[in-house]
Every structure is written in C-alpha cells, then in structure tokens.
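Reader: I'm new to reading protein models. Could you walk me through this one, a step at a time?

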Amino acid sequence: IGLCSAAAPLKAKAKELKVSHPKPKEGKVDGPLECTICEAIVKIADSYLENNATEQEALAALEKLCNGLGPVASLCTGLVDTYFPTIWALLLKETDPTLVCTEIGLCSAAAPLKAKAKELKVSHPKPKEGKVDGPLECTICEAIVKIADSYLENNATEQEALAALEKLCNDLGPVASLCTGLVDTYFPTIWALLLKETDPTLVCT
C-alpha cells in the first residue's frame, strides 16, 4: 500500500549493522512480530523523548498501549517490561532509532523478510504515487497489520479489529493523530489484503 517504500534504506542500514555486529541473537526472542512491536515501542519512546517527557511517562503510555492490543497484549507487555529501560538508555545516547531493535537483538531474524519486501519493490517500482511513506508511518503500518492479522487469526470481525486499533491509536500520545489517520485511510485495504492471504510482511509495501 506504499507506506514502507521509503524505509528500505533504513532496513539496509540495519542489515549493514548486523554484518559488523554478528552477535545480537544470543538467546533472545527475535521473530517478525517481536521485531515489529519493538520498532513501534522505539518510535513511540523516541517521540516522547523529543517532547521532553520523562521515562516514567513514556513507560506508562506504552503499558497502557500494550493493554489495548488484544491477542498480542501479553507479548507487548513482556517486551516493554524486559527491554524498555535499555531502549530508553540507547535513545538517550542518541542511538539511531532505526537500529535500536537490532542492537538489542529483537530484529535480527526479520532481515530475510525485509529482503523479501525489497525484492518486491524491484518488480513493482510504482508504490509511492503520492502516498506518505516515512519510517514512522511504515512502523505504525506494520504494527497495524500485525495486530489486524492477530485479530483475524482469532476469528474476530473487521469491526472488532478496527475498534481495537482506534482505541490503541488514542493512547499513542504524540503520534495518536498520525496513527488514527493511517487506520482511517488504510485499514479497509489492509483487512481486505489479509483476507486474500497476502503475506502480512508485504502489506505495507
């Protein structure tokens, strides 16, 4: 849907980092869903930091956000509880937000998926056409897709998934309006693509 095309250089950058630091996996959880949730946590934490919020304010917002995530609430809460202090410390050191999840080992296994998305862009060079596609929009889109897909797998209706996402967006502080706008604009298309069994990792592209 054109929201992730501009993010490819960031993914490539993360991939370069993995080449020079081949050790981040060491016994850590690093599936595509964990990676997507981590990226969303980092973007939200970074937006709070840019708005001079405290670590406690950002943590409270993220915990509230996780509680609204239905089937993935416990996974989200677990990642926040385990990794948030490290994420916040890395952001305070001005670590590139796009590399934080790779640094802490949550995105190393997602590299093949990013590569797959990149291959798709080569064969379909048109997805940009007037669409918004910054790294934050891409991350929020990926989070929306993962949550929608988890609701679909749990036999929820489109209305239930939409209501959960709207509630989630309202809790996102500085990025609430952006999240709501993306849900309002793209959710029907995302849901339709998931119903057609489109690979969730490629929907935002």
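Predicted model: local features only at pLDDT ≥ 70, side-chain atom pairs only at ≥ 80, totals over all residues.

Reader: How many helices and how many strands does the chain have?

Author: Helices (H or I, at least four residues) and strands (E, at least two) are DSSP runs, numbered from the N terminus. Going along from the N terminus, the elements read α-α-α-α-α-α-α-α-α. That comes to zero strands and nine helices.

Reader: Which residues of H7 meet which residues of H8?

Author: The axes of helix H7 (residues 135-153) and helix H8 (residues 158-170) come within 9 Å and cross at roughly 145°; axes are lines fitted to C-alpha atoms, for helices over the stretch in contact, and angles run from 0 to 180 degrees between N-to-C directions. The residues of this contact divide into seven nonpolar, no polar and one charged (Ala, Val, Leu, Ile, Met, Phe, Trp, Tyr, Cys and Pro count as nonpolar, Asp, Glu, Lys and Arg as charged, and the others, Gly among them, as polar). From H7 come Ile144, Ile147 and Tyr151, and they meet Glu160, Ala161, Ala164, Leu165 and Leu168 of H8.

Reader: What is the angle between the ring planes of phenylalanine 84 and tryptophan 88?

Author: Rings of Phe, Tyr and Trp (its six-membered ring) pair if their centres lie within 6.5 Å; planes under 30 degrees apart count as stacked, over 60 as edge-to-face and the rest as tilted. By this rule there are two aromatic pairs. In the pair of phenylalanine 84 and tryptophan 88, the centres are 5.6 Å apart and the pair is tilted, because the planes stand at 40°.

Reader: Is tryptophan 191 buried or exposed?

Author: Tryptophan 191 lies in helix H9 (residues 176-195) with phenylalanine 187, four residues apart, about one turn of the helix. Buried means under 20% relative accessible area, exposed over 50%, partly exposed in between (1.4 Å probe, protein chains only). Phenylalanine 187 has 1%, so it is buried. Tryptophan 191 has 4% relative accessibility, so this residue also counts as buried.

Reader: Which residues does proline 200 touch, not counting residues up to four places away in sequence?

Author: You'll find proline 200 in the segment after H9. With a relative accessible area of 26%, proline 200 is partly exposed. Proline 200 and lysine 146 are 54 residues apart in sequence, yet 7.0 Å apart in space, C-alpha to C-alpha. Leaving out those sequence neighbours, proline 200 touches Val145, Asp149 and Leu194.

Reader: What is the phi of asparagine 52?

Author: Most residues other than glycine have a negative phi, and most peptide bonds are trans. Asparagine 52 sits in the loop between helix H2 (32-50) and helix H3 (55-67), and its relative accessible area is 70%, so it is exposed. Its phi is positive, in a residue other than glycine, with a value near 60°.

Reader: And what is the phi of glutamate 197?

Author: Look in the segment after H9 for glutamate 197. At 73% relative accessibility, glutamate 197 counts as exposed. Although glutamate 197 is not a glycine, its phi is positive, about 65°.

Note on methods
Residues numbered from 1 in each chain as written. Heavy atoms only, no water. Contact = heavy atoms within 4.5 Å.
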